[in-house]
Structures are given as structure tokens and as C-alpha cells.
Amino acid sequence: MTNRTNGVAESFPKDTCMERGSSVSRRREDRKACLVKWKDKISVLLLSSAFGIKPDGSCKRWPKEQRQRVNVRQPAIV
């Protein structure tokens with residue numbers, strides 16, 4: 001939830017500026033927590049003390065425009 005991030009989530013780009021499969025992350029200075037914003041169909045905000053963006057994985061999604069399954073990049077935290 002964005003209200004629990006002390007304003008860090010507001011520094012992420014807007015949903016309209018992100019493409020499907022893109023992700024942005026911010027780490028605490030002591031590197032004990034990583035906040036990731038990942039855009040799939042909608043944007044998802046994830047916080048973890050164990051995982052971050054790397055390594056990238058992929059998942060299959062069904063976009064209406066292409067009418068077939070496509071691979072979408074996803075960060076390791078997902």
C-alpha cells in the first residue's frame with residue numbers, strides 16, 4: 001500500500017508511462033528492504049526483505065489486442 005512506504009512510492013513513474021512487463025525498484029540505504037513497482041495489466045506494488053528485481057523471469061499472458069499468449073517479463077519478487 002502506498003501509504004505505508006513513507007512517500008517512496010510517489011517517486012515511481014505513473015502507470016500510463018510504464019509498459020506491460022516493466023518494473024522499477026527502490027532499496028533502503030541499509031539494503032534490508034526492496035520496494036518494487038511492476039506493471040502487468042495493472043500496476044502492482046511489492047515489498048520484500050528477501051527478493052528484488054533480479055533475476056528476471058517471465059510469465060504467459062493473454063493480451064486482447066494480439067489474441068495469443070505472449071511472454072511478459074516479471075521480477076523475481078513476483
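Here is a walk through the structure shown above, from the whole chain down to one residue.

First, some ground rules: this is a predicted model, where local features need pLDDT of at least 70, side-chain atom pairs count only at pLDDT 80 or more, and totals for chains, interfaces and linings use all residues. Residues are numbered from 1 along each chain as its sequence is written, and side-chain values use heavy atoms, with hydrogens and water left out.

Let's start with the overall picture. The chain has zero helices and five strands, so its pattern along the sequence reads β-β-β-β-β (helices are DSSP runs of H or I with at least four residues, strands are runs of E with at least two, and both are numbered from the N terminus). Picture a box of roughly 45 × 25 × 15 Å along the principal axes: that's what the C-alpha atoms fill. Of the 78 residues, 31% count as buried (buried means under 20% relative accessible area, exposed over 50%, and partly exposed in between, using a 1.4 Å probe and protein chains only).

Now look for the sheet. Three strands form an open sheet in the order S1-S2-S3, with antiparallel pairing. Strands S1 (23-27) and S3 (43-48) sit at the edges, and each pairs on one side only. (Two strands pair if DSSP finds at least two bridges between them.) What holds paired strands together in general? Strands of a sheet pair through backbone hydrogen bonds, either parallel or antiparallel.

Let's go through the two pairings. S1 and S2 (residues 34-39) are joined antiparallel over five bridges, and here you can find Ser 25 opposite Val 36 in S2. S2 and S3 also run antiparallel, with six bridges between them. In this second pairing, Lys 39 has Ser 43 in S3 as its bridge partner. To get from S2 to S3, the chain makes a hairpin through three residues.

Is Gln 74 buried or exposed? With a relative accessible area of 17%, Gln 74 is buried. And which residues does Gln 74 touch, leaving aside neighbours within four places in sequence? The contacts are Trp 38, Asp 56, Gly 57, Ser 58 and Cys 59 (contact means heavy atoms within 4.5 Å).

Technical notes:
Pairing = 2+ DSSP bridges.
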